[in-house]
Amino acid sequence: SSKVAKKAERVVMMVVGEPLEIKKPASPRLRPETERGTLDRVLSTRPIRMDDLGYFIVRTEPAAIVAEFYSAKTDAEGRVLDPVTGQVIPCDANSRAPARVFRARTAKELQVRVFEAPEQPLVTSFAHACYLGRE
């Protein structure tokens with residue numbers, strides 16, 4: 001009866017000897033945004049290795065995406081160093097001038113400018129290229 005079907009988690013009807021599932025049980029899942037947030041936090045704790053050539057800071061302006069490239073090197077402990085002074089660059093440092101600045105109207109245009117430019121490459125690892133693509 002329909003009263004029983006409303007209360008049941010699962011309803012299966014036999015049709016010509018074959019089961020036909022009419023109502024499936026609700027799958028216990030986290031809300032998508034909670035699941036994505038949890039996954040992002042877990043993946044963000046994995047160790048990373050800095051690119052040997054430097055790093056990008058990506059920001060947006062009203063009509064453009066801007067990627068600033070800062071040359072850097074790393075020491076044996078993985079710390080990021082200024083290539084000129086050899087001093088450790090703190091995470092909140094903003095006093096250095098970028099070595100290159102890329103401006104684009106779309107992410108695809110930025111990708112072409114950064115990765116397909118005729119000059120010397122600025123990215124040496126696939127992980128860095130993927131990260132830049134996500135940004």
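**Pockets in the predicted model**

The largest pocket comes out at a volume of about 900 Å³. Everything here rests on a predicted model, so to speak a computed picture throughout.

As for what surrounds this space, 28 residues line the largest pocket. Ile48, Met50, Tyr55, His128 and Tyr131 are the ones lying nearest its centre. Helix H2 (32-43), strand E3 (54-61) and helix H4 (126-134) are the elements that each give two or more residues to this lining. Sorted by class, the lining of the largest pocket holds 16 nonpolar residues, along with seven charged and five polar ones.

Next comes the second largest pocket, with a volume of about 170 Å³. Its lining is made up of Val58, Ile65, Ala107, Leu110, Gln111, Val114, Phe115, Leu132, Gly133 and Glu135. Here the elements that supply two or more residues are helix H3 (107-115) and H4. H3 takes the largest share of this lining, again with a count of five residues. In terms of class, seven residues lining the second largest pocket are nonpolar, two are polar and one is charged.

Technical notes
Residues numbered from 1 in each chain as written. Predicted model: local features only at pLDDT ≥ 70, side-chain atom pairs only at ≥ 80, totals over all residues. Heavy atoms only, no water. 1 Å grid on protein atoms, 1.4 Å probe; cavity = no way out; pocket = protein on both sides within 12 Å on 5 of 7 lines; lining within 4 Å. Points joined across faces, edges and corners; volume = space filled by probe spheres on them. Helix = DSSP H or I, 4+ residues; strand = E, 2+ residues; numbered from the N terminus. Nonpolar A, V, L, I, M, F, W, Y, C, P; charged D, E, K, R; others polar.
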